[in-house]
Amino acid sequence: MKFTTLVETIKKAINSAEKITGKNLTLPVLSNILLKTNTNKLHIFATDLEIGIELVITGKTEKEGKFVIPAKTFSNFLNNLSEEKISLEEKNNNLIVKSGKYNTTFQGFNPEEFPIIPETKADKYIEIGKSDFEQALIQILPSVSYSSPKAELNGVLFKLETSESKNTLKLVGTDSFRLAEKIFPSSQVKTNIKNDIEVIIPLRTAQEVLRLVQENMENDESLIRITPESNQIQFSFSNIRVISRLINADYPKYSSIIPKDFENKIIFEKKELAEAVKIVGLFSGRVNDVKFSFNPDKK
């Protein structure tokens, strides 16, 4: 392989991929990333066997090929470069990296040992605005459990409800104490799926997708395409593809605990409430709650 691109372009992509790599002592190849070139594009792959990622950057390809390189070492090397361009060339099972005054040789693994990162075969999809999806994850993730013995609570529920007149997508997170539900109305959801779908995304997958979306917000109006299958799900946006396994469990019937009617309703400024909770929370211990007290006669 022989490929030339801008340092900043490959640096950003490698830094994103490096966070997905695994730290498996029995499979050291998981701490590496796979570089694969084709016509003026470099495909960067990383996986920990639970989540897989493919990032595509542009440049000039003089020779197609592939190479597996240690992710952390390569990422640290790129982060210390101040040059504008970089070239990668595979020679005798080594990768020769040239950038300005630097001429560096990396040893790597056999590319055939790198795990295959699958692609979804289904043509079914859900599309949502990238910025809308980002805000939904920001709102939902704080309610998801980090270490519940119940596997279903360690993930985010994606629930698509379809009908002839409208399609509604719901994202739900709970740790059995807190519950958050985000509803995307039909006007924000584009899909060719005709039947209801309910899948559970692992928390780490949702966190990584959120991170990648936030790192690639150059075009806030672009869409994120979600392709669910029976045992995996794929997210595609901004020349990035993330694929993850699903949690095989039944999500709690949470809707039954959401009150249909409320005896009292209080309306106030969101900013003022957030400020008050933050200040009061400074004086609350880990096991103590913040108490809300309402006095209708006091203004």
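**Salt bridges and other local features**

Analyst: In this predicted model, the side chains of Glu208 and Arg211 meet in a salt bridge, at 2.6 Å from N to O. The general idea is that side chains of opposite charge can pair when their charged atoms come close. Here, Glu208 and Arg211 both belong to helix H4 (residues 203–215) and are 3 residues apart, about one turn of the helix.

User: Is Glu208 buried or exposed?

Analyst: Glu208 counts as buried because its relative accessibility is 11%, under the 20% cut-off. Arg211 is buried as well, with a relative accessible area of 15%.

User: Which residues are linked with Glu208 and Arg211 in a network of salt bridges?

Analyst: The network joins Asp48, Arg204, Glu208, Arg211 and Glu215. For the whole structure, the search finds 13 salt bridges.

User: Which residue forms a salt bridge with Arg245, and where do the two partners lie?

Analyst: Arg245 pairs with Glu50, the closest N and O atoms being 2.0 Å apart. This pair links distant parts of the chain: Arg245 is in strand S18 (residues 240–245), whereas Glu50 is in the loop between S3 and S4, 195 residues apart. Arg245 is partly exposed at 38% relative accessible area, and Glu50 is partly exposed at 37%.

User: How is the salt bridge of Lys159 with Glu161 to be read?

Analyst: The closest N and O atoms of Lys159 and Glu161 are 3.7 Å apart, and the cut-off for a salt bridge is within 4 Å. Both partners are partly exposed, Lys159 with a relative accessible area of 22% and Glu161 with 26%.

User: Which residues make the nonpolar surface patch?

Analyst: The patch of about 680 Å² is made by Ile266, Phe268, Leu273, Val277, Val280, Val290, Phe292 and Phe294. Among them, Val277 lies in helix H5 (residues 270–281) and is partly exposed, at 34% relative accessibility.

Methods. Residues are numbered from 1 along each chain as its sequence is written. This is a predicted model: local features need pLDDT of at least 70, side-chain atom pairs count only at pLDDT 80 or more; totals for chains, interfaces and linings use all residues. Side-chain values use heavy atoms; hydrogens and water are left out. Patches are made of residues with over 30% relative accessible area and no salt bridge: like charges are joined within 9 Å, nonpolar side chains (Val, Leu, Ile, Met, Phe, Trp, Tyr) within 5 Å. Accessible areas come from the Shrake-Rupley method with a 1.4 Å probe; for residues, only the protein chains shown count as cover. Helices (H or I, at least four residues) and strands (E, at least two) are DSSP runs, numbered from the N terminus. Buried means under 20% relative accessible area, exposed over 50%, partly exposed in between (1.4 Å probe, protein chains only).
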